[in-house]
Amino acid sequence: MRDFQLPGRSAVYSSNGMCATSHPLAAAAAVDILKGGGNAVDAAIGAAVLLGICEPQSTGLGGDCFVLFSPPGEERIIALNGSGRAPGALSAASLRKKGFERISEDSVESVTVPGAIDAFCQLSCDWGRSGLDASLAPAIRYAEEGVPVAPRVSFDWIRAADSLKGAARRHYLLDGMPPTPGSLFRAPGQAEVLRRISRIGRSAFYDGEVAEDMVASLRASGGSHTLEDFAATRCDYGRPISENYKKFEIFEHPPNGQGAAALLASKIAAQFSIGDLEPFGAERTHLEAEAVKLAMDARDRFLADPDHTDHLDHMLSMATAVRLAALIDPGRAMERPGLAADAVHKETVYLCVVDRDRMAVSMIYSIFHSFGSGLASEKFGINFQSRGSGFALEEGHPNEAGGGKRPLHTIIPAMLAVDGKVTMPFGVMGGHYQPAGHLRIVANIADFGMNPQEAIDGPRSFPDAGALKMERGYSDQVRARLAEIGHMPTVPETPLGGGQAIWIDRDTGVLLGASDPRKDGCAIGY
């Protein structure tokens, strides 16, 4: 139990249903959908789409999603890949000839076709109860009436305002300026798009006037996107991948997400007795940093579009984990080229919902960088993601950019199970940080007996671009010790990610919700 004399937040308890998101209005809307007879799928879609209005720097209709969910009365977990593909004309060879060494996140080449709307429509049709119109109604209302901008959202908006270009500046700035906390943000164009989707379905987005607006806007910026690219967008159901950590089984979404990196990091960390160390001491932080370095190196070598990932079994084998763990020196940091500078400053929303029938949904929805590519459609103001910057341009690489391919994604929803029963949908936002965040939260619970809120609250670190980013929650003594063994501790300008979780107590039936104080959101139950 936390010390009530110190700042913090309690976990939220309820016995019926619950939603945890990064914005209170989205969590409240989801609970209203549950109270109105909708199920966890209906509520998750409603919360996600509303988050695109509440946090447009983090997500929106031009983005992608990944989903894990367990049907009511069942313990199986189903994966849904709602990530879009590159336009058919995209060619790595052509980009190399033009002198590209990488696909920049602020370029039109980084814009892949949005996949989330197709996934939401499919998910609602196959597994929802109250219908797509009920799920989209809250976002339509708030897009028309306006959302008061929350403090963390304003903070991120101000930092990213200069990335907005062309029509995006008109749609996402207020009189040319980023909004301050409490300012009303309206998106009437998106409200109209959502009304059409609620009446007609996916074709209202991928065909006709809305698709024409997106394609014309992208081509005006030099893109190769076509109406055929949009019409061809389809989500895919699949099976999650999983590994054991102590008494838990961790379920992750398969590639083209980086869930395999989270599983590999946890398997490497499991070769050490982390539970015998100080929870937020130097030794544990060092071991997790080294495990994450090795897992991310494997990710960058092997993970790509599922049709082009052929080393997944090798990456997740116990032999690989043991061999990589043997490379870790408990008393010295290893060198690695590191990720790109500011790798963790990527925008995403994660949410989870559990309903009265104990259907659980773990959903992540993103445009990648803050405001994605910085581009938006001229008429409706749909913000375009920058997922194409996740492609490699190296010839022959599994993740080499190509027409119709899905790039490597950082977004990863997760679930924990005990004895075959779903126990906790959870996720961590924060771009490349996410595998490290999954490892940190799972180890906090499994090794140190923390409840989900305590596990989310604890300080975080991440090896990035040659430095070890450490939040201010670490002591100076821990930083000094890590510097002694070869790390380069730095304090990041922004917190490392954000997270949500809902614990299902199988003995009492009670739900325990947790939401990250690094964001504006909360868990709400009823």
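How accessible is Arg481: buried, partly exposed or exposed? I looked it up: Arg481 comes out at 36% relative accessibility, so partly exposed (buried is under 20% relative accessible area, exposed over 50%, partly exposed in between, with a 1.4 Å probe and protein chains only).

Ground rules first. I'm on a predicted model, where local features need pLDDT of at least 70 and side-chain atom pairs count only at pLDDT 80 or more, while totals for chains, interfaces and linings use all residues. Residues are numbered from 1 along each chain as its sequence is written, and side-chain values use heavy atoms, with hydrogens and water left out.

Next, salt bridges (a side-chain nitrogen of Lys or Arg within 4 Å of a carboxyl oxygen of Asp or Glu). I get 30 of them.

Arg481 pairs with Glu484, closest N and O atoms 3.1 Å apart. Both sit in helix H18 (residues 476–484), three residues apart, about one turn of the helix. (Helices are DSSP runs of H or I, at least four residues, strands are E runs of at least two, and numbering goes from the N terminus.) I have Glu484 down as exposed, at 55%.

Then I checked Asp516 and Arg460, a salt bridge at 2.8 Å, N to O. This pair links distant parts of the chain, 56 residues apart, with each partner in a loop. Asp516 is buried at 0%, and Arg460 is buried at 1%.

Last, Arg195 and Glu144: 2.0 Å, N to O. Arg195 is in helix H8 and Glu144 in helix H5, 51 residues apart. I noted both in a salt-bridge network that also includes Lys379.
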